[in-house]
Amino acid sequence: MLLAEEWYASDVLWAAVGSVVALVTGFTAAVISHRVGTPKRRLWYGIYRSTRLLAEETGRVPELEVRHMGAVLEDPYIVEFRIVSRGRQDIPSSSYDAGQPITFDMGVPVLGVLETENQPVTSPSPRMTLDATALKIGPSLLKKRQMVTYTLLVDGQPNLTSVAALEGVDLRLLRPAREVDGALALAEDLGTFSPMLALGPVAVRAFRTWQRNRQSPRA
């Protein structure tokens with residue numbers, strides 16, 4: 001009993017316990033301070049969908065042509081280019097390096113913007129300009145969960161590259177719609193051979209819904 005009381009009343013023990021509690025409390029406070037002081041911002045970008053206008057698998061249709069400002073286009077595409085702001089905080093104009101816009105180069109002439117879709121509609125539309133083969137955005141505020149889709153007319157098959165320097169922003173490349181559609185079609189084909197494989201389309205559709213919700217500003 002005496003030994004138990006001596007162990008319980010030991011100053012060394014309680015000093016050690018106090019040190020551990022202080023260490024855990026300090027670590028927790030540091031983590032919370034870091035998360036609050038350095039809010040995570042993320043920008044997804046990419047060509048979500050591209051459609052070739054004058055070609056089929058059998059080749060060009062000679063009876064059809066597309067003109068822009070009177071000029072015949074050799075290989076016109078409709079491109080849906082999308083940016084999605086994700087994270088806990090907005091991406092402010094001050095995040096742009098030296099006040100320069102972020103540049104998304106399609107690798108082919110960009111002839112015009114056919115449509116701009118901004119979601120939610122209450123978010124301010126970012127500043128946008130065209131420069132030969134490139135789409136330049138900003139410097140502008142991008143609200144958290146904001147998604148902007150630009151429908152572009154380009155001449156040639158697009159090959160996207162980017163020059164994007166945003167301080168404190170994690171840049172991510174969007175998966176194009178065709179990749180998810182292709183996975184769904186393959187899963188459905190396999191499902192015709194086996195009841196077990198028929199679960200494949202369900203899993204792919206669930207993934208597609210999750211991806212759409214992740215990219216959607218309403219998610």
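A residue is called buried when its relative accessible area is under 20%. V108 has a relative accessible area of 10%, so V108 counts as buried. You'll find V108 in the loop between β7 and β8. Keep in mind that everything here comes from a predicted model.

What does V108 touch, once neighbours within four places in sequence are left aside? The list is A132, T133, V154, D155, G156, Q157 and P158. V108 also shows how the chain folds back on itself: V108 and N159 are 51 residues apart along the chain, yet their C-alpha atoms are separated by 7.6 Å.

## The protein as a whole

Let's zoom out. The protein has 219 residues, and 32% of them count as buried. Its secondary structure comes to 4 helices and 13 strands.

How much of the contact pattern joins residues at least 24 apart? Taking contacts between residues at least 6 apart in sequence, the share is 80%.

The average pLDDT of the protein is 75, and 60% of the residues score at least 70. Which elements sit at the two ends of the confidence scale? Helix α3 (residues 177-191) has the lowest mean pLDDT, at 53, while β11 has the highest, at 94. Where pLDDT is low, the predicted coordinates should not be read in detail.

## The nonpolar core

Now for the inside. The largest nonpolar core holds 23 residues, and those with the most contacts inside it are L43, F81, I83, F104, M106, I137 and L152. The elements that give two or more residues to this core are β1 (41-52), β6, β7, β10 (134-137) and β11 (147-155).

Apart from neighbours within four places in sequence, L43 is in contact with I83, V84, S85, I91, I102, L142, L166, V169, D170, L171 and R172. I83, one of these partners, is also among the core residues with the most contacts.

## S95, buried in a loop

Is S95 buried or exposed? S95 has a relative accessible area of 6%, and the cut-off for buried is under 20%, so S95 is buried. S95 lies in the loop between β6 (76-87) and β7 (102-105). Leaving aside neighbours within four places in sequence, S95 is in contact with A165, L166 and E167. L166 turns up among the contacts of L43 as well.

## Salt bridges

How many salt bridges does the structure hold? There are 6. One of them joins the side chains of R52 and D75, at 2.9 Å from N to O. This pair links distant parts of the chain: R52 is in strand β1, and D75 is in the loop between β5 (71-72) and β6, 23 residues apart. R52 is partly exposed at 41% relative accessibility, whereas D75 is buried at 16%.

Another salt bridge pairs D90 with K143, and their closest N and O atoms are 3.2 Å apart. This one is loop to loop: D90 lies between β6 and β7, K143 lies between β10 and β11, and the two are 53 residues apart. K143 is partly exposed, at 30% relative accessible area. Then there's D170 with R172, where the closest N and O atoms are 2.9 Å apart. Salt bridges that share partners join R42, D170 and R172 into one network. D170 is partly exposed at 28%, and R172 is partly exposed at 32%.

Time for some backbone details.

A132 isn't glycine, but its phi is positive, near 60°. A132 sits in the loop between β9 and β10 and counts as exposed, at 56% relative accessibility. R145 also has a positive phi without being glycine, near 65°. R145 is found in the loop between β10 and β11 and is partly exposed, at 33%.

Definitions and conventions:
Residues numbered from 1 in each chain as written. Heavy atoms only, no water. Buried < 20%, exposed > 50% of the residue type's maximum accessible area, 1.4 Å probe, protein only. Contact = heavy atoms within 4.5 Å. Core = buried A, V, L, I, M, F, W, Y, C linked by side-chain atoms within 4.5 Å. pLDDT = per-residue confidence, 0-100. Salt bridge = Lys/Arg side-chain N within 4 Å of Asp/Glu carboxyl O.
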